[in-house]
Every structure is written in structure tokens, then in C-alpha cells.
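Please examine the sequence and the structure shown below, and read the report that follows alongside them.

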Amino acid sequence: MSQTQLQSPPPPPEPRPVTPSLHPSIFPIPLPSELILLILSHLSQETKALILPLVSRPWRDLLYNTPELWHQLTIYNAHAFVHHPNPIRFSRVTLLDARASSCSDDDLAEALTRRALGTHLTDLDLSVCRALSNKSILLLGKHCPRLSRLTMEGCNSFTDISPLSTLPLTALDLAYCESLSSSSVDLLARSSLNNTLTKLDLNGCYHISHSALTTIADRLHTLQFLSIDGQGIGDRPVIYLFSRLRNLQTFSISFANDLTDSTLKHIAPILPRSLTHLRLRKGVLLSSVAFGAFFADLAARDHSFTRLDLSECAQLDDVALASFRFPMLRYLNIEWCWNVTDIGLDRILFASSPGLVALYCSGLNDITLTPLVASAGRTASSGTASGPVTTIATPSPPAADPSLPHLRALKLETCRMVETDTIRRVSVSNPRCFVVDYYGEVVRGGKKVGLLVKEEVWTEGGVRSVVPEEEEVEPEGMEEKEKKAKEKDKHDPFVAAVLALVSAGAGVAVGPARSAGGVAPGAGGAGAGAEAQGATSAYGNATEQTLAPKRRKQRKPKMVVVPREYLGRLAGFFDNL
């Protein structure tokens, strides 16, 4: 053999260090890599993906090659994400939010099989990915052995969820999966999930039968949250659910059309004491007498709710509310309960539940809010069918108006008898309360601050949160997922220091400028790794845009748009428990 053939192959190149030392101008004293990773882990995804990599090459290498920084991930384009040039970076993701990311069966197969993304995954949200079919359910059951929380709200193309029975699920959200079969729910309930599952949301799944609900009651004893659609469901399955599920904390039925007085009579003595959130919507057959007896029985047992939704229970009236006594109640929805008048409201607000945070009264045509306004020396004007009365005589002094210190949201849409001046006085007396008037206009502190329309709240003077501070929730929309994280970053001194360096010109370009080679100045060249190869925008590599919400052209209306979730979450408060 020749001498060339006898030579051993050259040793492989040494791997690039994952945690390079950072530039001394950023940190005057050397910091351990572990401490740097801890600091960076508290920043939002968009900051880590699009802003910090512009500081320097070491920063970019640290961010792009450290899986420990990407345990929680939000994606906006599933197809681009699964073809990301550096899959190792996301190899340790435990929480993946792919809501409304247009994820398909092929995208999920690529992520779970070739990229092994499901190995460490414990929390997955695939809501509104309507192209997912039974194939995706099989993939999840096979390749996500640690998955404990799965949300597939609005995915209406699959029919069988039984393959999920092999997973250690604790929460399963299948709301509005309209094609879901009752038999697959029955099989799932008979699996080993009876030892782990605590939350099951089947709202909008109208194929669920009496038999499936009976199996849920017999098998899933660990359930704490159960939401069902209710279409075609009668008294017996609902009564049986309450008799068997003794750990329930929340129960919701969206269409209680087929429930009769028998349900209220039989569940009153057996309601679990842990049940604090109850929703019986559209109970049109439930009578006033049955409601009165139901409230009286619960009061005798000293059972109190925290959240109660009786919207569209048309026979609920003041006589029934005379027995209403829930001192711990914080959220109450009695919209479109037409027989409730000011007498009932007075009972709720002052005698029964003075600690109410949110009260929804839309469609109550006979209320005037006189319990909330001093009546001395004031003659109430009558309303008309076309809208509320707007011409008022000299108002009473606001000092005489009572205060409800806990009230944060009062919804009065289409309440034709409530005068405009009454709403103003209530909002002045309760400056932290957002009041929605007949036309959907939002009033606070005596001034109009916005307009509640079908899907959005439009406000003048910037964004205003109307969610009570004790129950503030994060918006769910695709472009609002990181709003709170961004706001937090704005006030973070660490981020402020980094942005100050960027704006001062620390080797990076801020703005649309690009170099002749299509790479932002200072963003790195050929030696910066696979992600630095190719066109790079001023916000970083183009592939990083898949980790940020899609940028839209800015509108310039007179009003600023605010997501309806701020108000709507209180109306549908069972959706976010």
C-alpha cells in the first residue's frame, strides 16, 4: 500500500462552543454562562429571536445554538418552522403554541418523526389548525410520550381521538371539534386516562351521546373541569354526572334546552362542595319555582359559587332571586333573562353578592338601575323601544350615589330603560368599573372610552384593559400572544440596556438598511453558522421571522383597536379556566 493509503483520516473538527464569552462592553465583568442563560430565559421569544442576535456574533451564536433558551415556543407559520435550518435549537421544546399556524398533517409528521420534536413536549396547542385529520391524532399518540396538555379547539376535520389514550394527559381541550364521534370519546374515557385527566372540554361537540357521558361519569373520577355542548342531552345524564364526579370544580353546558326542573331538583342536594363555577346556558324549560328551590337548597347547605352563568334562562325572575344568596360570587351572567327587574338586581348587588366583580345584564328590558342611584328627589323617566332616554333633567348630586368598590365590569347592552345619565353617575361613583351602554359604548369615570363591536373594542386614547386586575388573562389571538411579554420587556432594565447598545450603533443596523450583500451590517457573515447564510433583514435572519407575528401595514384610524378578549373573557369566562 502507498503511504497515502496508510495515513489515518483527519480528526473531526471540534464543535463550536455553545456558550461563548460575551463582549466586555456589554458586561464589564465576566459572567458565568449559566447566569447569562438565566437572564435571557426571562425575555420574550421575539426579543430573543429578532433583537438580541443583532448585538454581536457571540450573542447570536449563544441564542441560536442553545436549546435551553427555547423550552417555550410560539410559532406563526408551521410549514416554515418545521423546515427551519437549525432544528437542534428547538430539540428541547416542552411548550409549543402553534395556534392558528396553518399546521397540516405533513407539517406535524415532519416535526414529530424527522425532527423528534415531541420527545420532550408536555404542552401543545394546535387550535384552529383545521387541516389536521385522524393521521395527526395517531402521530401525537405515538411520538409525544410526555404530553400532558393538548388543545385542539376548532379542529373540525378529525373524528377519532382514541389514539390519545396512551398519553399521560391531564387537560384535553376539544371544543368545537364538530366532527368528533361519540364512540371515540367513549373509548378514550375507558382508557388509563381515568387516573390523570382533570380537564375535558367538549363544548361544541354536538355528537356526544348519553352513553358517552355515562362512561365519562363512571370512569373519569379525577375530572375537575367538564364542559359539554348539551344538544340533545336530557336530565338523566346530567344528574348522573354530578352524582359520580365528586371532584368537579367547573361544569358548563352551553345548550340546556332539554333540561327540565328535574335537573335542578336532583342536583341541588348532591352538588360537590368543590363546584364553584357553574354554567347552565339556554335553560328555557327551567321554571322560576325550580330556580327558587334550587337557590334555597344551596343556601341551606351554605354552598356558594364564584362564577355563575344563567344566561338565556328565560323563566328566571325576581321571585326566584328572592332565594339567591351567594356571598362569594364574583362573576354573574344573567343576559336575556327578561323577567329580571330592579328588584332582582337589588337583591343580587346589595343583599346576596356585594363582592361582584362582573355583572352581565344585556337584554334586560325592564331594569333602570335605580338600586345603583340615589332615588331621593329624583323621578325616573321611562325609556322607549328605540333606545335609552338621553334627555335628563338636572341630575342629583353624585355624592349621593352608592359605591360598589369591587365592581369592574357592568354590561347593559340593549337595556332600553337605563338612562344615559344613570350610566354616567354609576361610572363616576365607581371609577374603576367599565360600563357598556345600550349601544355598546364603553363608559368609565363618566366618560366614553371606547366602543364594543362584534369582535373588537375600539378605544380613544390608547389601549385600555377592562379585565379586573385579580383575573387578568392573556389574549389568545395569533398576533396578541406575546403582547404581555413585550410590555414586560419594555420595562426590563436588561432589555433597555441591550436596546440602548443597538440604537447607539454597537455593530448593528437598526431600520431597513442592508449591506450590498443582503446582510444587515454587523449581523455576521460567512463564519456565523448556518442561520447567518442567506439574506438577512435588519431584524435578523429571514428564518427568524417565522417566530414572530406577521407584520401588517399600520392603519391610522381615529381609534386604537383593542382585542375583545379584555371584555369578552368575562362574558365567556368558562373558556379560560
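This is a predicted model: local features need pLDDT of at least 70, side-chain atom pairs count only at pLDDT 80 or more; totals for chains, interfaces and linings use all residues.

Although Leu 372 and Ser 429 lie 57 residues apart along the chain, their C-alpha atoms are separated by 9.4 Å.

## Ser 353

Ser 353 counts as buried because its relative accessibility is 0%. Once residues up to four places away in sequence are left out of the count, Ser 353 touches Phe 324, Phe 326, Leu 329, Arg 347 and Ile 348.

## The protein as a whole

The secondary structure of the protein comes to 18 helices and 20 strands, and of its 577 residues, 52% count as buried. Among the contacts with a separation of 6 or more, 72% are accounted for by residues 24 or more positions apart. The accessible surface comes to about 26,100 Å², and 55% of that surface belongs to carbon and sulfur atoms.

## Helix 6 with helix 7

Two packed helices are described by the angle between their axes and the distance between the axes. For helix 6 (residues 105-114) and helix 7 (residues 134-143), the axes come within 9 Å and cross at roughly 10°, which means that helix 6 is roughly parallel to helix 7. The crossing of helix 6 and helix 7 is left-handed. On the side of helix 6 the contact is made by Asp 105, Asp 106, Leu 108, Ala 109, Leu 112 and Thr 113, and on the side of helix 7 by Lys 135, Ser 136, Leu 139, Leu 140 and His 143. Sorted by class, these residues of the contact between helix 6 and helix 7 are 5 nonpolar, 3 polar and 3 charged.

Within helix 7, the buried residues are Ser 136, Ile 137, Leu 139, Leu 140 and Gly 141. The buried residues of helix 7 pack against helix 6, and also against strand 3 (123-125) and strand 4 (149-151).

## Helix 9 with helix 10

The axes of helix 9 (residues 210-219) and helix 10 (residues 235-244) come within 8 Å and cross at roughly 10°, so helix 9 is roughly parallel to helix 10. Here His 210, Leu 213, Thr 214, Ile 216, Ala 217 and Asp 218 of helix 9 meet Pro 237, Tyr 240, Leu 241 and Arg 244 of helix 10. The residues of this contact between helix 9 and helix 10 divide into 6 nonpolar, 2 polar and 2 charged.

## Helix 2 with helix 4

For helix 2 (residues 33-40) and helix 4 (residues 57-64), the axes come within 12 Å and cross at roughly 75°. Helix 2 and helix 4 are therefore roughly perpendicular to each other, since an angle from 65 to 115 degrees counts as roughly perpendicular. Ile 36, Leu 37 and Leu 40 in helix 2 meet Trp 59, Leu 62 and Leu 63 in helix 4, and the contact of helix 2 with helix 4 divides into 6 nonpolar, no polar and no charged residues.

How values were computed. Residues are numbered from 1 along each chain as its sequence is written. Side-chain values use heavy atoms; hydrogens and water are left out. Axes are lines fitted to C-alpha atoms, for helices over the stretch in contact, and angles run from 0 to 180 degrees between N-to-C directions. Helices (H or I, at least four residues) and strands (E, at least two) are DSSP runs, numbered from the N terminus. Angles under 35 degrees count as roughly parallel, over 145 as roughly antiparallel, 65 to 115 as roughly perpendicular and the rest as oblique. A crossing is left-handed if the near helix is turned anticlockwise from the far one by less than a right angle, and right-handed if clockwise. Contact means heavy atoms within 4.5 Å. Ala, Val, Leu, Ile, Met, Phe, Trp, Tyr, Cys and Pro count as nonpolar, Asp, Glu, Lys and Arg as charged, and the others, Gly among them, as polar. Buried means under 20% relative accessible area, exposed over 50%, partly exposed in between (1.4 Å probe, protein chains only). Accessible areas come from the Shrake-Rupley method with a 1.4 Å probe; for residues, only the protein chains shown count as cover.
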